[in-house]
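Open the model in your viewer and keep the selection tool ready.

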Amino acid sequence: MKYLILAFLLVSVSVNAESSKIKTCKSLENLAIAIMKARQADISMSKLYEINLAKNNPLMDKVVKQMIIDAYKMPSFTDPQIKEKMIKDYGNTAFLQCIE
């Protein structure tokens, strides 16, 4: 019975850690989507730097700035379907990089 309880506790801790990582990665995915939406709407890169909400957190500030730079290295499109694909792909890439 002790081993069963220990196994259950280990699985619970593992599931909670994984759940926390998924939440973090989903947040980064949503951030990437917002950044790419701004990119595809032709909002200036300097404006995104100005409104960076993570500037009080040095680690997140660095991540956000790199996401902005990466997004602005990609072209802006006029076709709505291509814009949506770019937005979705950028979000998926951010989630993938986070979860790996």
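**Stop one: a helix cap**

Select Asp 79, which caps the N-terminal end of α4: one of its side-chain oxygens lies 2.8 Å from the backbone nitrogen of Gln 81. Helices here are DSSP runs (H or I, at least four residues), numbered from the N terminus.

Before moving on, some ground rules. This is a predicted model: local features need pLDDT of at least 70, side-chain atom pairs count only at pLDDT 80 or more, and totals for chains, interfaces and linings use all residues. Residues are numbered from 1 along each chain as its sequence is written, and side-chain values use heavy atoms, with hydrogens and water left out.

**Stop two: along α4**

Select residues 80-99, helix α4. α4 has 20 residues and reaches 29 Å from its first C-alpha to its last, close to the 28 Å expected at 1.5 Å a residue (1.5 Å times one less than the number of residues).

Now colour Met 86, Ile 87, Tyr 90, Gly 91 and Ala 94: they are buried (under 20% relative accessible area, 1.4 Å probe, protein chains only; exposed is over 50%). Look down the axis of α4: its buried residues fall within an arc of 125°, so they line one face of the helix. The arc is taken over directions from the helix axis to the C-beta atoms.

Turn to the face pointing away from that buried side. Gln 81, Lys 85 and Lys 88 are exposed there.

**Stop three: the disulfide**

Select Cys 25 and Cys 98. A disulfide joins them, S to S 2.0 Å (cut-off: cysteine sulfur atoms within 2.5 Å). Cys 25 sits in helix α1 (residues 2-40) and Cys 98 in α4, 73 residues apart. The torsion about the S-S bond of Cys 25 and Cys 98 is about -75°, so the disulfide is left-handed. Finish on Cys 25: it is buried, at 0% relative accessible area.

Definitions and conventions
Helix = DSSP H or I, 4+ residues; strand = E, 2+ residues; numbered from the N terminus. Polar contact = N/O pair within 3.5 Å; in protein donor to acceptor, adjacent residues only side chain to side chain.
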